[in-house]
Amino acid sequence: MSDDRLIVALDVPNALSGLQLTEKLGDAVSFYKIGLGMLTGGGMALANELKEEHGKRIFLDMKLFDIGATVEAAVRGLAQFNLDFLTVHGDPHVVRAAKEGAAGKDLKILGVTILTSLDRADLDASLIKPGDMQELVLERAAKALEAGADGVIASPQEAALIRALPEAEGRLIVTPGVRPAGAALGDQKRVATPASALADGADHIVVGRPIWQAEDPRNAAEAVLNEIKSI
């Protein structure tokens, strides 16, 4: 029943908790996201185990940002693990360096546009230039794609606009901030349902808390899969 358009975020404290969750989800889920929160809790070991021993696809959500040489070196090291997706900040120099580091590997580099937990007030507090949120996301997406990104991370609310960009042809759009109908928003501010995100042009949706916090995680995952299977 699995559908790799659904990526389940393993936003749990450590690899043991993550492995226990994947065992509950079983063959219902084929694609997992492992992020910074688990990095010191065995995240890379879990990524390798899920990939090599269980045949799962892995999205490593590191959101790398540094000078070009450092990003290139970091990505070259990570690319040796034969994982599927890696996030970097969408700044062109970062994307170009990441692509150099991933050269010759199948690792897809995804540029982060603007985090889905942020709104215009947050951008103002960070001294980000004035402008409409969606226009800034589109501008960052276009620049990341021009720099060679295999795809971008953006909220579901911008998926359709990004999909319409000439630069987005043949590229991936991955959308966090996806919440099934009736689910709590948590710290997300720019959200949509799974079906609407995919209908608007996303290739993959990322769902975390509505699944791993559920009393029955597999049932919660299957509910999302049922919602998206007609898209």
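What follows is a set of questions and answers about this structure.

Trainee: How much of the chain reaches a pLDDT of 70 or more?
Mentor: Keep in mind that this is a predicted model. The mean pLDDT of the chain is 91. Residues 184–190 stay under 50, although the model gives them 27 contacts beyond four places in sequence. The share of residues reaching 70 or more is 94%.

Trainee: In what order do the strands of the closed barrel run?
Mentor: The barrel is built from eight strands with parallel pairing. From one strand to the next, the twist averages 25 degrees. The order is 1-2-3-4-5-6-7-8.

Trainee: What is the bridge partner of K33 in strand 3?
Mentor: Strand 2 covers residues 31–35, and strand 3 covers residues 57–64. These two strands run parallel and are joined by five bridges. In strand 3, K33 has as its bridge partner F59.

Trainee: How are the ring planes of F31 and F85 set: stacked, tilted or edge-to-face?
Mentor: The structure holds two aromatic pairs, and this is one of them. The ring centres are 5.1 Å apart and the planes meet at 55 degrees. Planes under 30 degrees apart would count as stacked and those over 60 as edge-to-face, so the pair of F31 and F85 is tilted.

Trainee: How many residues apart in sequence are the parts that this pair of F31 and F85 ties together?
Mentor: F31 belongs to strand 2, while F85 belongs to strand 4, residues 85–89. F31 is buried, with a relative accessible area of 0%, and F85 is buried too, at 2%.

Trainee: Which residues do the ring pairs link into a cluster?
Mentor: F85 also forms an edge-to-face pair with F59, at 6.0 Å centre to centre and 65 degrees between the planes. F59 lies in strand 3 and F85 in strand 4, so this pair ties together parts that are 26 residues apart in sequence. Both F59 and F85 are buried. The cluster is made of F31, F59 and F85.

Trainee: Is G55 buried or exposed?
Mentor: G55 lies in the loop between helix 2 (43–52) and strand 3. The C-alpha atoms of G55 and F31 are separated by 9.3 Å, and the two residues are 24 apart along the chain. Exposed means over 50% relative accessible area. At 59%, G55 therefore counts as exposed.

Trainee: At about what angle does helix 7 run to strand 7?
Mentor: Helix 7 spans residues 156–163 and lies across strand 6 and strand 7 (172–175). Strand 6 and strand 7 pair in the parallel sense over three bridges, and V152 has I173 as its bridge partner in strand 7. The angle of helix 7 to strand 7 is about 170 degrees.

Trainee: Which residues point the other way from L172 and V174 in strand 7?
Mentor: In a regular strand the side chains alternate between the two faces of the sheet. In strand 7, L172 and V174 point one way, and these residues are buried along with the ones on the other side. Pointing the other way are I173 and T175.

Trainee: Is L19 buried or exposed?
Mentor: L19 sits in helix 1, residues 15–25. Not counting residues up to four places away in sequence, L19 touches L46, E49, L50 and H54. Buried means under 20% relative accessible area, so L19, at 17%, is buried.

Technical notes:
Residues numbered from 1 in each chain as written. Predicted model: local features only at pLDDT ≥ 70, side-chain atom pairs only at ≥ 80, totals over all residues. Heavy atoms only, no water. Phe/Tyr/Trp six-rings, centres within 6.5 Å; stacked < 30°, edge-to-face > 60°. Helix = DSSP H or I, 4+ residues; strand = E, 2+ residues; numbered from the N terminus. Buried < 20%, exposed > 50% of the residue type's maximum accessible area, 1.4 Å probe, protein only. pLDDT = per-residue confidence, 0-100. Contact = heavy atoms within 4.5 Å. Pairing = 2+ DSSP bridges. Axes fitted to C-alpha atoms, helices over the stretch in contact; angles between N-to-C directions.
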